[in-house]
Amino acid sequence: MLGLESSCDETAASIVARGADGTARILSNIVYSQVEDHAAYGGVVPEIAARAHVEAMDGIVRAALAEAAIRIDALDAVAATTGPGLVGGLIVGAMTGRAIAAARDIPFLGINHLEGHALTPRLTDGIAYPYLLLLVSGGHSQIILVRGLGQYERWGTTIDDALGEAFDKTAKLLGLPHPGGPSVERMASAGNAARFRLPRPMKGDPRLDFSFSGLKTAVRLAAEAASPLSDNDVADLSAAFQAAAADSLGDRVDRALARLRTVLPAGTQAVLAVAGGVAANQAIRAALTAATARHGAQLVAPPAALCTDNAAMIAYAGLERLEAGLIP
Ligand code: KG4
Ligand code: ZN
């Protein structure tokens, strides 16, 4: 299965195949990041992204085939992200995928980007349905019960900013480079999280939703009060923001795991899987490790390269759909 991903600022292609022993294997996973194309603008510019996908896509597909050491006529199907995302990029991936499928007379599968993230723990760890998925990326913060292929129950979502978006905006207001998540994490490692007292949004709220915009505003107010900011101040504010975000997330996950227990048959192992770029953050992972430990749940955290946007997750989702006979 060839997978293509181009919904945001990564152009990616991957080959995933099911081995004779039943496990799915990633034969190649090529990701071209456009981060540098957008760096000067402090965010992703849709028009620039669309043009960059056009320029990169055919070379990325060739690279994925070459790394997997297979010829294009050996492909059995093609999958591409068809939404949600920036429409210019989606068209590039979908049309490339459809053209290859039409030329080779093989099925084309349009994949929802979120399904790609949701199924990644099955690709990396072979976990069984059902499981709880925490998706924390630049565009989404959601808690989803994954009951089966195509059966997703959303238990919680953000009522304002996504967590990655909050990291990115916080970085911007602290003068740190884009993408903000890794910048904030880097600064936070040298900071004192206790110096600034920041709110823990939604903590204790019986719903499973998230909120991060108030936290971002609290950082802005603290930054304005401490301005002009020294490197030390930026490190302390980064550490305080990261600690508050991790704390809030840990509380939400705690509640979700308590609810998961009520829907799982007795004796079933509870599993929390994480996906999305923010899952690469070590403080966030520590909060999730603590929450799952409190509930005797298993934490499945795929390698960072498969938590952020990639095409292996799209190829894998296509593979599951093809195997289930869900061909459009
Ligand atoms: O999943 P992803 O690659 O793209 C989508 O949004 O779909 O996630 C990107 C987001 C960005 O907001 C980025 O700042 C954040 O994930 N991120 C991080 C870290 N690495 C990436 N946030 C916090 N800590 C990190 N180490
Ligand atoms: Zn994503």
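In what follows, Ala, Val, Leu, Ile, Met, Phe, Trp, Tyr, Cys and Pro count as nonpolar, Asp, Glu, Lys and Arg count as charged, and the others, Gly among them, count as polar. The model shown is a predicted one. With these classes in hand, the shell around ligand 1 divides into 12 polar, 4 nonpolar and 3 charged residues.

In total, 19 residues surround ligand 1. The closest of these are G138, D168, G181, E185 and G277.

Where does ligand 1 sit? Its place is the largest pocket. The elements that contribute two or more residues to the shell around ligand 1 are α4 (113-125), α5 (163-173) and α6 (180-188). Of the shell residues, the largest share comes from α6, which supplies 4 residues. Viewed by domain, the shell takes at least three residues from domain 1 (2-120 + 307-323) and at least three from domain 2 (128-305).

The polar contacts of ligand 1 can be followed atom by atom. An oxygen atom of the ligand is 3.2 Å from a polar backbone atom of G164. On the side-chain side, an N or O atom of D309 is 3.2 Å from an oxygen atom of ligand 1, and an N or O atom in the side chain of S137 is 3.5 Å from an oxygen atom of ligand 1. How much of ligand 1 does the protein bury? Taken alone, ligand 1 exposes 560 Å², and the protein buries 87% of that area.

Conventions: Residues are numbered from 1 along each chain as its sequence is written. Chains are lettered from A and ligands numbered from 1 in the order in which they are written. This is a predicted model: local features need pLDDT of at least 70, side-chain atom pairs count only at pLDDT 80 or more; totals for chains, interfaces and linings use all residues. Side-chain values use heavy atoms; hydrogens and water are left out. A residue is near a molecule or strand if one of its heavy atoms lies within 4 Å of it. A polar contact is a pair of N or O atoms within 3.5 Å; within protein, one must be able to donate a hydrogen and the other to accept it, and residues adjacent in sequence count only if both atoms are side-chain atoms. Accessible areas come from the Shrake-Rupley method with a 1.4 Å probe; for residues, only the protein chains shown count as cover. On a 1 Å grid over the protein atoms alone, a cavity is a set of points where a 1.4 Å probe fits but cannot get out, and a pocket is an open set with protein on both sides within 12 Å along at least five of seven lines; lining residues have an atom within 4 Å of a point. A molecule sits in a cavity or pocket if more than half of its atoms lie within 2 Å of its grid points. Domain bounds come from an automatic or database domain assignment.
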